[in-house]
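Please read this briefing beside the sequence and the model.

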Amino acid sequence: MTKPKVLISDKMDPNAARIFEERGCDVDVITGETPEQLKARIGEYDGLAIRSSTTVTAEILEAATNLKVIGRAGIGVDNVDIPAASGKGVVVMNTPFGNSITTAEHAIALIMAVARQIPAANARTQAGEWPKSDFMGVEVTGKTLGLIGAGNIGSIVASRALGLKMKVVAFDPFLTEDRAVEMGVEKADLDTLLSRADFITLHTPLTDETRNILSAENLAKTKKGVRIVNCARGGLIDEAALKEGLDSGHIAGAALDVFAKEPAKESPLFGTPNFICTPHLGASTTEAQVNVALQVAEQMADYLVNGGVTNALNMPSLSAEEAPKLKPYMALAEKLGSLVSQLAHGNLTEITIERSGAAAELNGKPIEGAVLAGFMRRYSDTVNMVNAPYLAKERGLQVRSVRFEGEGVYHTLLRVTVATSAGPRSVAGTLFGENAPRLVEIFGIGIEADLDGHMLYVVNQDAPGFIGRMGGLLGQHDINIGTFHLGRREAGGEAIVLLSVDQPIPAEVIDQAGKLEGVKLVKALSF
Ligand SMILES: NC(=O)c1ccc[n+]([C@@H]2O[C@H](COP(=O)([O-])OP(=O)(O)OC[C@H]3O[C@@H](n4cnc5c(N)ncnc54)[C@H](O)[C@@H]3O)[C@@H](O)[C@H]2O)c1
Ligand SMILES: O=C(O)CC[C@@H](O)C(=O)O
């Protein structure tokens with residue numbers, strides 16, 4: 001049997017290559033190539049092991065004719081086009097915990113560095129200036145740390161900050177009161193955090209909701225003299241607004257490990273007094289790099305040699321017998337979880353997964369994992385069907401699984417309900433034929449649709465002329481409608497529309513759609 005061939009395309013601890021070889025793979029380590037070089041080479045390989053320097057685009061995946069698995073030695077997978085990888089049947093794995101402590105420690109180091117201006121003081125002292133009177137710092141003891149994102153890294157930062165005698169106020173939509181008490185932090189909404197924090201540290205993935213979470217508007221809500229640290233992802237802070245805040249003196253200091261555009265070889269922030277930066281070093285310790293290298297090589301080799309799946313972001317872990325039966329249910333479950341999470345608002349702390357008819361006979365665990373993965377994917381890069389139930393439990397999300405043996409209108413049905421402050425919200429779906437996932441209900445209104453790609457959800461008053469107005473608006477913007485589905489409670493009452501389009505809908509078109517006559521709500525969805 002020919003050995004699987006793996007390419008390590010980013011600098012990685014040598015333990016990775018050793019493990020690949022020991023587990024029966026051939027391995028090449030070729031780093032620093034251009035995308036064109038990688039594209040020319042990738043066709044030879046079954047596995048690609050990366051850190052953050054390699055970007056795996058749809059174009060590279062197109063050329064990856066033998067590729068079976070991409071392994072990210074680290075957490076963030078924003079440098080991998082996961083939908084394109086899934087489309088090509090390539091499993092994408094990461095190592096969700098191997099560098100969490102290291103990154104949390106870097107955030108703490110930057111908090112201390114920015115409190116005492118250590119880099120500037122060091123540079124000027126070594127230049128022979130002895131500038132003692134220019135560097136008056138602040139203590140962190142007794143100060144309030146605003147934690148945006150209280151997942152793996154955020155919770156470690158919180159524990160270290162508490163050890164430094166800081167008070168910690170946390171904002172995270174998945175943080176429950178119980179988990180906050182367990183962590184020793186105070187749960188807050190974003191505005192409260194912004195108005196109270198002396199230091200703010202970010203620990204969320206970069207998503208549509210977190211992009212520019214520290215926008216000019218939100219930075220203006222911070223306390224004068226705030227100090228800001230970002231060791232998560234560039235793009236969470238508006239860098240131009242940060243620069244203005246530092247220049248005006250409203251922001252007393254900032255430290256970035258990550259930039260919107262990397263490598264950041266130039267930035268208006270460079271040279272700004274009280275600005276510190278590091279070149280995406282959050283995960284760069286010997287310990288973390290050994291952890292993630294060993295883990296990624298073990299996981300990838302296990303998949304390539306034995307077919308075992310661990311920490312995959314786009315594939316469930318399943319036994320060989322169950323897999324074919326469960327596959328269409330998993331797809332339906334993930335889409336329903338994603339839909340309800342995109343549509344329901346507020347602090348979502350309880351989710352119920354019902355299986356009726358044929359679905360009640362199946363193993364509920366993978367279906368539950370798939371619903372939870374779809375539900376939480378919007379909030380975390382690291383969630384997958386394997387770790388979603390664990391993460392849900394850790395974060396205090398109440399998960400109920402219910403089975404009804406009898407058949408209703410449909411021979412098989414999954415229903416996902418979340419508790420919100422406005423009451424329960426549920427969506428349901430079935431399989432058409434043996435394996436075509438199909439939505440059949442949103443919030444009590446019957447509607448049949450495929451949940452796929454880019455979609456628009458509209459709530460409107462059922463009245464003549466609406467379809468023409470909506471079609472006209474999208475047509476004016478050259479947006480092609482693929483499918484159009486309607487549902488309503490009763491004639492002339494509240495109606496919903498789900499339509500699929502061929503490309504993402506720009507924000508201004510969503511705004512204009514929201515102003516059309518009869519429209520109550522418009523939301524862009526993606527699957
Ligand atoms: N600088 C580095 O080298 C480095 C190293 C490791 C990880 N990271 C990055 O750090 C980030 C956090 O990693 P993690 O392992 O803690 O991830 P995680 O998934 O465990 O935690 C992320 C948390 O962010 C929360 N969140 C999501 N959307 C939010 C929102 N709109 N507002 C507030 N909170 C929100 C989630 O609920 C979750 O609790 C990731 O972006 C990761 O890529 C950077
Ligand atoms: O590999 C690195 O150095 C950075 C990793 C980090 O950004 C991550 O998301 O794990």
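The points below treat the ligand shell, an open sheet with its helices, a hairpin and the annotated spans.

This is a predicted model, in which local features need pLDDT of at least 70 and side-chain atom pairs count only at pLDDT 80 or more, while totals for chains, interfaces and linings use all residues. Residues are numbered from 1 along each chain as its sequence is written, and chains are lettered from A and ligands numbered from 1 in the order in which they are written.

**Shell around ligand 1**

- Ligand 1 is surrounded by 34 residues, the closest being G76, G151, I153, G282 and S380 (a residue is near a molecule if its C-beta atom, placed from the backbone, lies within 6 Å of it).
- Domain 2 (100-277) and domain 3 (316-447) both give residues to this shell, so ligand 1 lies between them; the domain bounds come from an automatic or database domain assignment.
- Helices α5 (100-116) and α7 (152-163) each supply at least two shell residues, and α7 gives the most, with three (helices, H or I with at least four residues, and strands, E with at least two, are DSSP runs numbered from the N terminus).
- By class, the shell holds 13 nonpolar, 16 polar and five charged residues, where Ala, Val, Leu, Ile, Met, Phe, Trp, Tyr, Cys and Pro count as nonpolar, Asp, Glu, Lys and Arg as charged, and the others, Gly among them, as polar.

**Open sheet and its helices**

- Five strands in the order β2-β1-β3-β4-β5 form an open sheet with parallel pairing (two strands pair if DSSP finds at least two bridges between them).
- Because β2 (26-29) and β5 (91-94) stand at the edges with a single partner strand each, one side of each is left without a neighbour in the sheet.
- Strands β1 (residues 5-8) and β3 (residues 47-50) run parallel and are joined by three bridges, and L7 has L48 in β3 as its bridge partner.
- Helix α1 (residues 15-22) packs on the sheet and touches β1, β2 and β3, contact meaning that C-beta atoms, placed from the backbone, lie within 7 Å.

**Hairpin**

- Strands β17 (residues 436-442) and β18 (residues 445-449) run antiparallel, joined by three bridges, with G446 in β18 as the bridge partner of E441.
- These two strands, β17 and β18, form a hairpin with two residues between them, and F443 in the turn has a positive phi of about 45 degrees.

**Annotated span**

- An unreviewed UniProt entry gives the annotation "domain: ACT" for residues 454-517; such annotations may be inferred rather than shown by experiment.
- Residues 454-517 are 30% helix and 38% strand, and the end C-alpha atoms of the span lie 23 Å apart.

How values were computed. Two residues are in contact if their C-beta atoms, placed from the backbone, lie within 7 Å. Axes are lines fitted to C-alpha atoms, for helices over the stretch in contact, and angles run from 0 to 180 degrees between N-to-C directions.
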